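Dear colleague,

I am handing over the structure below for your review. My notes on what was found in it follow directly after.

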Amino acid sequence: MSVRRFRANRLALWSLYVIGILVLAALLAPLLAPHDPIGIGDVMATRFQSPSWAHPFGTDEFGRDLLSRALFGARVSLSVGILAMLLATTIGSLYGAVSGFFGGIVDGVMMRIVDVWIAFPAFYLMLLLVGVFEASVPILILILALTAWPATARFIRGEILSLRERDYVEAARAMGLPAHRIILRHLIPGALSPVLVTGALAVAGMIGAEAGLSFLGLGISPPTPSWGNMVAAGKDTLAGAWWISFFPGALLTITLIAFSLVADGLRDALDPKAPDQKFV
Amino acid sequence: MLAYIVRRLLLAVPLILGIVTATFFLVHLAPGDPVDLYLQPQRQVDPAVIERVRQERGLDQPLHIQYVNWLSASARGDFGESFLLRRPVRDVLAETVPYTLLLILAALLVDALLGISLGVVSAVKRGTKLDRVVTLGSLVLYAMPGFWLALMLILLFSVGLGWFPTSQATSLDYADLSAFGKVLDRLWHLVLPVTVLGVGGAAATARYMRSRLLDVLGEEYITAARARGFRGWTIIRRHALKNAMIPIITIYGMSLPLMLGGATIVETIFAWPGMGRLTVDAVVGRDYPVILATTMVAAVLTVLGSLLADVGYAAVDPRVSYERSRP
């Protein structure tokens, strides 16, 4: 039923295809990339070439093929976004479920911690963490997840609070199942479908955050390409070589839109709104 | 009402204290000694000098003593001296924070005016081509990363058309301008940064406004108003809009941390002399006193923002009782 509703949403379906193509391109980057993304050849002869058949995205200030760099950049951007989302969702779900299931003082203390965490201006927290720990891909994933999990935790807790009163959970408790089993086998699966929606949105948020940090020179550092640092690399030569910033940023925008649309489609499919009502 | 505000303010204190404490200990988790960073340009430093600097900055004391000292000094408004700028952090903040506030307030204004009107148009014309264009357009703008939008706007409006300046908050000849010229000059420099910062929020507001208004339009009192003979826009203006706008206040309170984050990037791109750019420079240069201070300012602004939103919400919506502290 939900699957059919999702498939009926053309935008969401196309977005899913776009994501599929991007993921595939990222996985196959070494095969697809026409040139070396990092190595530098005859700089003077190859640099600042505008888009052409040989270099569809042009070349950068070191004469590297931007299409190849963008493909390898997709690997970094997508993997950071997806892995950080998975980590944040896992931590957040477990935390929220435990907090919601036990309630009382446990819930009170756990949620006050989340309150402080959420009150922290997120980007400042990221800047702070990036400043404290030298950013590498794994560290960056950890930092993004650390910043994002409390939102998921709070959300899941709300879901669990309502699920907790359902009959099937009551039955599980009456049968004497241990708490961890009820949480993992009965509560979390019940809350999974809204998590799908927040998860899809979170991927967009994470990819955007990584790109923002890399753009500021605080995330993935060159020569390793990430869409964020590729846009940054072109910002000083914008007037003469617009393509250096344009293409990675455009890919980034397309990716973020695709994930948002998929999240939208999932939300509509899982929680259909009232039928259309024409007005005025 | 007053008691409610006071209670919320009292609740905000431990929240800010928690954030500030977490920040302090996170910064001191950092591998490496801040003194090394402080003296970095001159590599071979006499150990006696290192020791003196360490004593001057109180870094030779145990961490919890440092924490107490720092906290009591901060509470008195003394944030220490910037490692990079070699000036009191308080003075640096006094120069930069107003610029960030100006940027954010202007962006919130754009967000509100553009977002609410687009949302209303889109809801009223639901299902038409206009609605689809607005909905899709706001999605694209919402998803677009600010730094890329900023560069594309610079490419189009500064490099290409030459309409707006690429950077700074004022022109070089600002001091020689007349009073009116100064205002114009400031507005002229605000256009692009505020657009970048405000347009994403406006897109979110428009989407939210649209769905809220559609919800409200489905309510019975609207049908009742229609039955009484009111028509189209009158119903929207007199009956629906006010109720649909109430939750927007909450969105606003929550959008402040996003705005602060966005401002760091916008300020960096447009060389805007605000707190965000200061923070980025401080993070790059490991300027701990500045990082601690700007994080504290950002935290206070965030907490105040959500406080204002809650108070505003309670003031507008008669169903909210001041007696309950938590839903």
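Which residues do ring pairs link into a cluster? They are Phe24(B), Phe25(B), Tyr67(B) and Trp70(B). Rings of Phe, Tyr and Trp (its six-membered ring) count as a pair if their centres lie within 6.5 Å; planes under 30 degrees apart are called stacked, those over 60 edge-to-face and the rest tilted.

Before the details, some conventions. This is a predicted model, in which local features need pLDDT of at least 70 and side-chain atom pairs count only at pLDDT 80 or more, while totals for chains, interfaces and linings use all residues. Residues are numbered from 1 along each chain as its sequence is written, chains are lettered from A and ligands numbered from 1 in the order in which they are written, and side-chain values use heavy atoms, with hydrogens and water left out.

Aromatic pairs

Over all chains, the structure holds 12 aromatic pairs. In one of them, the ring centres of Phe24(B) and Phe25(B) are 5.2 Å apart and the planes stand at 85°, so this pair is edge-to-face. Phe24(B) is buried, at 2% relative accessible area, whereas Phe25(B) is partly exposed, at 32%. Here buried means under 20% relative accessible area, exposed over 50% and partly exposed in between (1.4 Å probe, protein chains only).

Chain A as a whole

Chain A has 13 helices and zero strands. Helices (H or I, at least four residues) and strands (E, at least two) are DSSP runs, numbered from the N terminus. The C-alpha trace of chain A spans about 75 × 50 × 45 Å along its principal axes. Of the 280 residues in chain A, 50% are buried. Contact means heavy atoms within 4.5 Å; among contacts in chain A between residues at least 6 apart in sequence, 70% join residues at least 24 apart.

Helix α5 of chain A

Ser93(A) lies in helix α5 (residues 66–102) of chain A, and Gly96(A) is also placed in helix α5. Ser93(A) counts as buried because its relative accessibility is 8%; for Gly96(A), also buried, the value is 0%. Residues up to four places away in sequence aside, Ser93(A) touches Thr152(A), Ile156(A) and Ile188(A). With its neighbours within four places likewise left aside, Gly96(A) is in contact with Ala153(A), Ile156(A) and Arg157(A). The C-alpha atoms of Gly96(A) and Arg154(A) are 6.0 Å apart, although 58 residues separate the two in sequence.

Nonpolar cores

A nonpolar core is a set of buried Ala, Val, Leu, Ile, Met, Phe, Trp, Tyr and Cys residues joined through side-chain atoms within 4.5 Å. The largest such core has 133 residues, and Phe147(B) and Ile269(B) touch the most other members. Helix α13 (residues 243–270) of chain A gives the most to this core, with 15 residues. Not counting residues up to four places away in sequence, the contacts of Ile269(B) include Phe215(A), Phe147(B) and Leu151(B). A second, separate core of 16 residues includes Met209(B), Val216(B), Ile222(B) and Ala244(B).

A backbone detail in chain B

Ala271(B) is situated in the loop between α10 (232–269) and α11 (275–284) of chain B. Most residues other than glycine have a negative phi. Ala271(B), although not a glycine, has a positive phi of about 45°. Ala271(B) is also buried, with a relative accessible area of 16%.

Yours sincerely
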